[in-house]
Amino acid sequence: TRLRSSSASSQSHLLRRSYSSDSVPERKVAVLGAAGGIGQPLSLLMKLNPLVSKLALYDIAGTPGVAADVSHVNTRSEVAGYAGEEQLGKALEGSDIVIIPAGVPRKPGMTRDDLFNINAGIVKSLCTAIAKYCPNALVNMISNPVNSTVPIAAEVFKKAGTYDEKKLFGVTTLDVVRAKTFYAGKAKVPVEEVNVPVVGGHAGITILPLFSQAVPKANLADEDIKALTKRTQDGGTEVVEAKAGKGSATLSMAYAGALFADACLKGLNGVPDVVECTFVQSSVTELPFFASKVKLGKNGVEEVLELGPMSDYEKQGLQNLIPELKASIEKGIKFANQ
Ligand code: NAD
Ligand code: LMR
């Protein structure tokens with residue numbers, strides 16, 4: 001009996017193994033800037049994601065320690081750390097998704113655009129390497145200013161002949177996370193039931209939450225909607241000021257970045273109806289890039305969804321954000337083509 005039961009149990013173990021490897025494809029995720037304030041908790045959250053089989057942690061320094069630490073977590077993925085430019089190729093090779101939280105964060109008094117001078121160069125060189133080592137990967141751009149770094153990435157990929165507009169995403173999930181939290185608090189509805197689209201871009205007034213489309217519905221006063229909109233637009237600044245010189249959002253951003261990467265993985269794996277707001281190449285407005293609801297699929301963007309019905313206040317917000325977002329996009333394109 002003992003023999004039989006042990007062989008039965010090893011058989012069911014084998015069955016389980018073959019079932020799990022058949023149903024969950026191998027997926028490699030690389031995090032560039034993995035030793036940073038966002039990079040470390042994001043690496044941990046990606047290690048917790050059962051859809052990841054290989055996790056490559058890259059930074060200019062410090063990644064061996066982060067990788068050794070994260071690798072002890074008893075989940076599916078194999079973790080490797082890569083430090084310094086000479087190891088960037090190895091980190092990227094074979095990646096299905098590359099998440100980029102590399103670059104400097106804001107201090108009080110700065111705008112995201114004040115980060116352009118340093119971060120534009122970092123993003124340009126990282127994207128040059130992506131074009132070379134994993135041109136088919138989905139790129140999740142977190143580095144600020146997102147309104148410019150995404151156009152920079154697109155130009156770098158175009159020059160390399162690898163650009164696929166379906167595979168480049170500016171991560172604006174934190175705006176959605178904030179809008180949901182603030183709305184739930186004000187409307188007194190359970191936060192886990194809330195959904196709010198946030199469109200436009202990722203800086204100040206270019207962040208446009210569409211509370212008129214929020215679910216569950218709540219009859220909030222116009223002043224409440226205005227206050228919620230402003231708080232969502234200034235959410236990053238709220239954290240920058242509270243951290244008083246020690247950087248910007250890292251923990252909530254890691255959470256948001258992990259949510260967005262998980263949605264991309266699900267899309268790649270063929271899960272139907274995965275929809276997230278993200279900043280992508282778009283023809284929803286006159287601007288070449290715009291954040292809106294996007295359906296994710298096996299090749300990345302499957303469909304960029306229309307903005308849907310908006311209140312007069314939101315329509316005005318859309319008109320107001322166009323010039324600033326346009327200028328930020330053009331600044332990125334110009335930089336990449338210098
Ligand atoms: P951080 O300074 O704590 O970490 C940045 C990391 O990037 C560091 O470890 C640094 O060594 C690394 N780095 C610098 N140059 C690099 C290069 N060439 N290659 C690889 N790694 C490199 O900063 P943070 O708080 O983690 O923020 C990172 C970026 O994310 C900032 O630009 C910040 O503004 C942005 N951010 C975006 C959002 C968003 O919603 N999209 C939210 C929060 C922060
Ligand atoms: C955020 O929204 O928290 C980030 O873009 C970081 C910042 O500078 O505000």
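**Group meeting: a helix pair and a ligand shell**

Hi everyone. Let's start with two helices: the axes of helix 2 (residues 39-47) and helix 10 (residues 251-268) come within 8 Å and cross at roughly 35°. Helices here are DSSP runs of H or I, at least four residues, numbered from the N terminus, and the axes are lines fitted to C-alpha atoms over the stretch in contact, with angles from 0 to 180 degrees between N-to-C directions.

This is a predicted model, where local features need pLDDT of at least 70, side-chain atom pairs count only at pLDDT 80 or more, and totals for chains, interfaces and linings use all residues. Residues are numbered from 1 along each chain as its sequence is written, while chains are lettered from A and ligands numbered from 1 in the order in which they are written.

Who meets whom? On the helix 2 side we have Pro41, Leu42, Leu45 and Met46, and on the helix 10 side Leu251, Ala254, Tyr255, Gly257, Ala258 and Ala261. Contact means C-beta atoms, placed from the backbone, within 7 Å. That makes nine nonpolar, one polar and no charged residues. Ala, Val, Leu, Ile, Met, Phe, Trp, Tyr, Cys and Pro count as nonpolar, Asp, Glu, Lys and Arg as charged, and the others, Gly among them, as polar.

Now the ligand. Around ligand 1 there are 31 residues, and Gly33, Gly36, Gly37, Ala102 and Asn144 come nearest; a residue counts if its C-beta atom, placed from the backbone, lies within 6 Å. Helix 5 (residues 116-133) gives the most to this shell, with three residues. By class, the shell has 17 nonpolar, twelve polar and two charged residues.

Finally, confidence: the model scores ipTM 0.99 and pTM 0.95. Thanks, everyone!

Conventions. Two residues are in contact if their C-beta atoms, placed from the backbone, lie within 7 Å.
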